[in-house]
Amino acid sequence: MIVKASRPAHLRAGLALLAALVCCALAMVGAGTKAAADTPKSSTLTVVAATQMSAFNPFFSYADGELYVESMLYPALTYNDKNNEPAPYLATKWTTSPDGLTWTFDIRKGLKWSDGQPLTAKDIAWTYNLVMTNTQAATANGTYVENIASVSAPNDTTFIVKTKTKQANLLYESIPVVPEHVWKSKVSNLKAYNAIPTASEPVVSYGPYTFESFKTTYATLKANKNFVLGAPKYDTLISQYFSSTDAAVNALKTGQIQEDGLLTATQYKALANTPGITTYREEPSGWEAIEVNSGAKTKSGKSIGTGNPLLADPTIRKAIALGIDRQTLVTKILDGLGAPGAGYVPSGYPQWAWQPTASEKIGFDPAKANQLLDQAGYKKGSDGYRTDPKTGKPLSFRFGIHSDESDDASIAQYFVPWMKAIGIKMTVQPMSFAQLNANLAKGDWDLLMDGWSTGPDPTYLFSIQTCGVLPDDKGQGGNTDAFYCNPAYDKLYAQQQTQIDQNARAATMRKMQDILYNANADIILYYGDGLVAVRTDKTNYITGKADAQGVYPLQSAFYNWTHASPVTAKAASSSSNKGTVIGIVVGVVVILIVLGVIFGLRRRRTAGDRE
């Protein structure tokens, strides 16, 4: 899908769910700067929302902007630590039965929701059961529980999961837990509840922050000083959406923003050597793509939407793929800071990534594209565009792009003439993130810009291409990326979930990627490096060390948002524009635009994070 949090990411991103991805350790700039203890009595951390926000209902959210906020409010069994491994959150430890089918979690004692009511294993069981039995509740997180046979809470501190088959990634697929005593009254009309606090009905939560307010483009959170993993260092967290990356960069320059992780290549290079600002690259955790509507259908096979039926022809889809010069996009759009796309898993996760062999590669070959279309009977007219020999209709398609994403428009400038060169007409349709994703869900599109990112376990990313996430005949319960449905792919998807041997699991994932690659329903354009700028005169933020090419390990939002702290004047004076830094942001207002995946969730990106 078009995530940007595109539904993916586009970062359509996936994301679903929320199992906290945590990443960090203190690395200091230069000779080693330390923040002094005399921090301000009251402090505010302002972070840039990766996507637009409208509601914070964890059963339906897929956009990064909403998911990041929700990860601060709703807990999970585990989160991913600085090494991207599952670590205790609500669960302190867990064991599995000899047959690998029963998981028993010990749940922390004494936790309380923000309204003072006890948070127990029964809330966890209720949430899981709701997702397992309610079609609407399964919209965002249903794929996480599809292999679960039953869950139970025999007492307040024990949660038991019984799976249908062995599940290799259960600890990575921990879903957000909500308070039963609040949400049970919402079930009859679950989607109508936006989970935005009002004077008469505050949002009841448990996490590093509580939800104070939401005003169109920004959410304000207050620190939970009793948070079990440690109280945040800031009193207030504000997640604010910027309609353009230029506006965010300007805020970075003035010091209003302390970290911007959604830079374009041009912005990244322009900021290099700017006093007080450090720029760096991260391994790719997502991709940009063009998704093709090969025939939107419901689970029962009922056709929906206004997609052009000609795109059901695999010859046309392959011709489109052959007509795209991915390397030119990397050079012109990313300024070389990335790599041409092919496999479905981003190259930042080499243990799962796949690339086609030389003989399988669908490279830039407009001559072959024209040959395929000629042989299929799609002849060119005097205007240079082709028509369908059966219906006489032209090969003319809508190409939806995000109006708030500059790279979308730039890609369109190349894509449209490339398609004309093979006799296919593309009409560019810029639209808002919300409208584009609304059209996607209804099947009212032909081609769309798409983008997703993933955490260390790509199961969710794979799930959005399965038949199981198609909507029902009422249009509910769907979380499909491009309405792709292939039983052979689904069989492999189910198989990889049960493979404890990681090498065998990786081999299965690569077979799945081979299928997706040749289906050309999601044509992966490129994997862009994460391009980040940090006000190192204000904050220490980044974890780890750069490799020989200057690329840093993948970062995570959950840790940074909860561990960032104001930098004193003394510490700031000794900071430099180079080195490794951990996020500790100063002042009254700090904006962090975070790359990385929260709770290992998929995410669809949006402006700046691309679909």
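In this predicted model, the side chains of R505 and D457 meet in a salt bridge, with 2.9 Å from N to O. The pair links distant parts of the chain, since R505 belongs to helix 14 (residues 502-519) while D457 sits in the loop between strand 18 and helix 12 (459-463), 48 residues apart. Both partners are buried: R505 has a relative accessible area of 1%, and D457 has one of 6%.

A search of the whole structure finds 11 salt bridges, and two others can be set beside this one. R398 forms a salt bridge with D446; here R398 lies in strand 16 (residues 396-402) and D446 in the loop between helix 11 (433-442) and strand 18 (447-453), so that distant parts of the chain, 48 residues apart, are again linked. In this pair D446 counts as buried, whereas R398 is partly exposed. The side chains of D335 and K269 also meet in a salt bridge, which links the loop between helix 8 (326-332) and strand 15 (338-340), where D335 is found, to helix 6 (residues 265-271), which holds K269, across 66 residues. Here D335 is partly exposed, and K269 is likewise partly exposed.

| Salt bridge | N to O distance | Relative accessible area |
|---|---|---|
| R505 and D457 | 2.9 Å | R505 1%, D457 6% |
| R398 and D446 | 3.0 Å | R398 22%, D446 3% |
| D335 and K269 | 3.0 Å | D335 35%, K269 42% |

Elsewhere in the chain, an open sheet of 4 strands has the order 5-6-8-7, with antiparallel pairing. Strand 5 (91-96) and strand 7 (148-155) form the edges, each pairing on one side only, and neighbouring strands of the sheet are turned by 20° against each other on average, direction ignored. Strand 7 is joined to strand 8 (residues 158-163), which runs antiparallel to it, by 5 bridges; within strand 8, K162 is the bridge partner of S150.

Helix 2 (residues 121-133) lies across strand 6 (102-107), strand 7 and strand 8 of this sheet, and runs at about 160° to strand 7. Helix 2 also packs with helix 3 (residues 138-145) at an angle of about 100°, their axes being 8 Å apart, which makes the two helices roughly perpendicular. In this contact Y128, V131 and M132 of helix 2 meet A138, N141, G142 and V145 of helix 3, and the residues concerned divide into 5 nonpolar, 2 polar and no charged.

How values were computed:
Residues numbered from 1 in each chain as written. Predicted model: local features only at pLDDT ≥ 70, side-chain atom pairs only at ≥ 80, totals over all residues. Heavy atoms only, no water. Pairing = 2+ DSSP bridges. Axes fitted to C-alpha atoms, helices over the stretch in contact; angles between N-to-C directions. Contact = heavy atoms within 4.5 Å. Parallel < 35°, antiparallel > 145°, perpendicular 65-115°, else oblique. Nonpolar A, V, L, I, M, F, W, Y, C, P; charged D, E, K, R; others polar. Salt bridge = Lys/Arg side-chain N within 4 Å of Asp/Glu carboxyl O. Buried < 20%, exposed > 50% of the residue type's maximum accessible area, 1.4 Å probe, protein only.
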